[in-house]
Amino acid sequence: MAAGTIRYWAAAKAAAGIAEEPYAAQTLAEALDAARRRHPGELERVLKRCSFLVDGDPVGTRAHETVRLAEGGTVEVLPPFAGG
């Protein structure tokens, strides 16, 4: 099991009530499931609209179960941004 940091931005930060927290998970799916359990409610809805970076790389359309997390890694949770 890898340990690292989840960073929440914009609406995800507001929904979680924190800017960042540690993860202990092997995959992105496991890390996000744990985050949903810790922050029930609005975060669940926000995560459905988010994109994710894992150690700076976009996850894109890959299944979250297939995205492995590294020891000391970072998951960035990015809601859709307005503006242009």
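## Helix H2 and its cover

In H2, six residues are buried: Leu28, Ala29, Ala31, Leu32, Ala34 and Ala35. Buried means under 20% relative accessible area, exposed means over 50%, and partly exposed lies in between (1.4 Å probe, protein chains only). Helices (H or I, at least four residues) and strands (E, at least two) are DSSP runs, numbered from the N terminus. An α-helix has 3.6 residues a turn, so residues three or four places apart point the same way. The cover over the buried residues of H2 includes E1, E2, H3, E3 and E5.

This is a predicted model, in which local features need pLDDT of at least 70, side-chain atom pairs count only at pLDDT 80 or more, and totals for chains, interfaces and linings use all residues. Residues are numbered from 1 along each chain as its sequence is written, and side-chain values use heavy atoms, with hydrogens and water left out.

## Overall fold

The protein has three helices and five strands. Along the sequence they follow the pattern β-α-β-α-α-β-β-β. The radius of gyration is 12 Å, close to the 12 Å that the globule rule gives for 84 residues, so the protein is as compact as a globular protein of that length. That radius is taken over C-alpha atoms, and the rule is 2.2 Å times the number of residues to the power 0.38. Along the principal axes, the C-alpha atoms fill a box of roughly 35 × 25 × 20 Å.

Of the 84 residues, 39% count as buried. Contact here means heavy atoms within 4.5 Å. Among contacts with a separation of 6 or more, residues 24 or more positions apart account for 60%.

## The nonpolar core

The largest nonpolar core holds 22 residues. Such a core is a set of buried Ala, Val, Leu, Ile, Met, Phe, Trp, Tyr and Cys residues joined through side-chain atoms within 4.5 Å. Tyr8, Tyr23, Leu28, Phe52, Leu69, Val75 and Val77 touch the most other members. At least two residues of this core come from each of strand E1 (2–8), helix H1 (10–16), strand E2 (20–25), helix H2 (28–38), H3, E3 and strand E5 (74–78). H2 gives the largest share, four residues. In soluble globular proteins, nonpolar side chains tend to be buried together.

Leu69 shows how the core is joined up. Leaving aside neighbours within four places in sequence, Leu69 is in contact with Ala2, Tyr23, Ala25, Gln26, Thr27, Leu28, Ala31, Val54 and Val75. Of these partners, Tyr23, Leu28 and Val75 are also among the core residues that touch the most other members.

## Loop residues

His39 sits in the loop between H2 and H3. With 14% relative accessibility, His39 counts as buried. Not counting residues up to four places away in sequence, His39 touches Tyr8, Ala16, Ile18 and Glu21.

Lys48 belongs to the loop between helix H3 (42–47) and strand E3 (51–54). Its relative accessibility is 65%, so Lys48 counts as exposed. Lys48 and Pro79 are 31 residues apart in sequence, yet their C-alpha atoms are 9.0 Å apart in space. Thr66 lies in the loop between strand E4 (57–58) and E5. Thr66 is exposed too, at a relative accessible area of 53%. From Thr66 to Phe81 is 15 residues along the chain and 26 Å between C-alpha atoms.

Ala10, in helix H1, has phi near 50°. Ala10 is partly exposed, with a relative accessible area of 43%. Asp55, in the loop between E3 and E4, has a phi of about 50°. At 42% relative accessibility, Asp55 counts as partly exposed.

Asp57 is part of strand E4. Asp57 is partly exposed, at 48% relative accessible area.

## Surface and charge

The protein exposes about 4,800 Å², and carbon and sulfur atoms supply 54% of it. Accessible areas come from the Shrake-Rupley method with a 1.4 Å probe; for residues, only the protein chains shown count as cover.

The 10 positive and 11 negative charges have mean positions 5 Å apart. Lys and Arg count as positive and Asp and Glu as negative, while His and the chain ends are not counted. Each charge is placed at NZ of Lys, CZ of Arg, CG of Asp or CD of Glu.
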